[in-house]
Amino acid sequence: VLNDLKKMMKKHMFLQGRLDSSQTVFMLTQEAYQQYLEAENSRRSADAEEQRRQEQARVQAEEAARHQALDNQTQKILKDGNAYIRMVHECNEKIRSEEMSYKLSRLEVIMRRIFEHVEKTPESADDLHKFMDYYLPTTTKLLNAYIDLDRQEIAGENISTTKKEIEDTLDTINVAFEKLLDGLFEETAWDISSDISVMKTMMAQEGLTENKDFKLNK
């Protein structure tokens with residue numbers, strides 16, 4: 001039957017006759033063929049939308065799996081980080097020196113920003129191993145030692161020298177932690193620089209960055 005219909009269509013026996021894409025349906029009128037095309041377009045749109053949803057679901061599943069892998073490590077870092085921040089704040093309340101108190105307040109702000117960044121970008125947690133395993137515990141040890149020394153009624157030469165050394169070291173710690181915080185934004189800065197570079201190149205190619213005098217046509 002299909003072959004017969006094709007032969008008849010070639011001989012123009014069905015001027016408006018059409019076969020569907022699978023060649024299983026014969027449409028005798030233009031109206032029927034138009035309805036078929038509309039139905040096919042709707043089906044293709046539905047298929048494309050379903051593929052888009054499936055792809056989106058796949059990407060979301062991969063993202064969720066990645067975050068889940070990072071989640072345990074990140075949550076531990078944030079939990080420990082908040083504990084260290086509270087420790088610095090409590091130490092600050094116990095210290096009488098205004099200069100030392102200012103340094104600790106600065107340290108608290110820097111630490112808080114580091115952990116806020118980790119919370120927003122969990123993948124940056126991988127860069128904090130030495131920070132969490134050595135720098136913060138050592139800083140805690142120094143601050144506790146300073147508090148013990150600061151409580152002494154009589155400050156001899158050893159006490160005064162050690163306190164001064166810790167105070168100076170705290171300046172070094174603040175500078176180092178600031179550099180660490182800045183380093184966490186390295187990838188963000190690189191991405192922004194790349195975007196700016198690409199945009200400037202595209203604008204130059206289209207002549208949008210050249211100095212031109214725009215005048216109204218009269």
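## Terms and basis

Axes here are lines fitted to C-alpha atoms, for helices over the stretch in contact, and angles run from 0 to 180 degrees between N-to-C directions. Helices (H or I, at least four residues) and strands (E, at least two) are DSSP runs, numbered from the N terminus.

This is a predicted model, in which local features need pLDDT of at least 70 and side-chain atom pairs count only at pLDDT 80 or more, while totals for chains, interfaces and linings use all residues. Residues are numbered from 1 along each chain as its sequence is written, and side-chain values use heavy atoms, with hydrogens and water left out.

## Overall make-up

The protein chain holds 6 helices and 2 strands, and from the N terminus its elements follow the order α-β-β-α-α-α-α-α. Among the contacts (heavy atoms within 4.5 Å) with a separation of 6 or more, 58% are between residues 24 or more positions apart.

## Helices H4 and H5

The axes of H4 and H5 come within 10 Å and cross at roughly 150°, and the two helices are therefore roughly antiparallel to each other; that label applies to angles over 145 degrees, with under 35 roughly parallel, 65 to 115 roughly perpendicular and the rest oblique. Their crossing is left-handed, meaning that the near helix is turned anticlockwise from the far one by less than a right angle, whereas clockwise would be right-handed. The residues making the contact include Phe131, Leu136 and Tyr146 of H4 and Ile159, Ile166 and Phe177 of H5. They divide into 12 nonpolar, 3 polar and 3 charged, where Ala, Val, Leu, Ile, Met, Phe, Trp, Tyr, Cys and Pro count as nonpolar, Asp, Glu, Lys and Arg as charged, and the others, Gly among them, as polar.

The buried residues of H5 include Ile159, Lys163, Ile166, Glu167 and Phe177. At 1.5 Å a residue, the 28 residues of H5 (residues 157-184) should span 40 Å, and the end C-alpha atoms are 41 Å apart, which agrees; the expected span is 1.5 Å times one less than the number of residues.

## Helices H3 and H4

H3 (residues 98-120) and H4 (residues 129-150) have axes that come within 14 Å and cross at roughly 160°, and are therefore roughly antiparallel to each other. H3 passes H4 in a left-handed crossing. Met100, Leu107 and Phe115 of H3 are among the residues of this contact, as are Phe131, Thr139 and Leu143 of H4; the contact residues divide into 11 nonpolar, 1 polar and no charged.

Definitions and conventions: Buried < 20%, exposed > 50% of the residue type's maximum accessible area, 1.4 Å probe, protein only.
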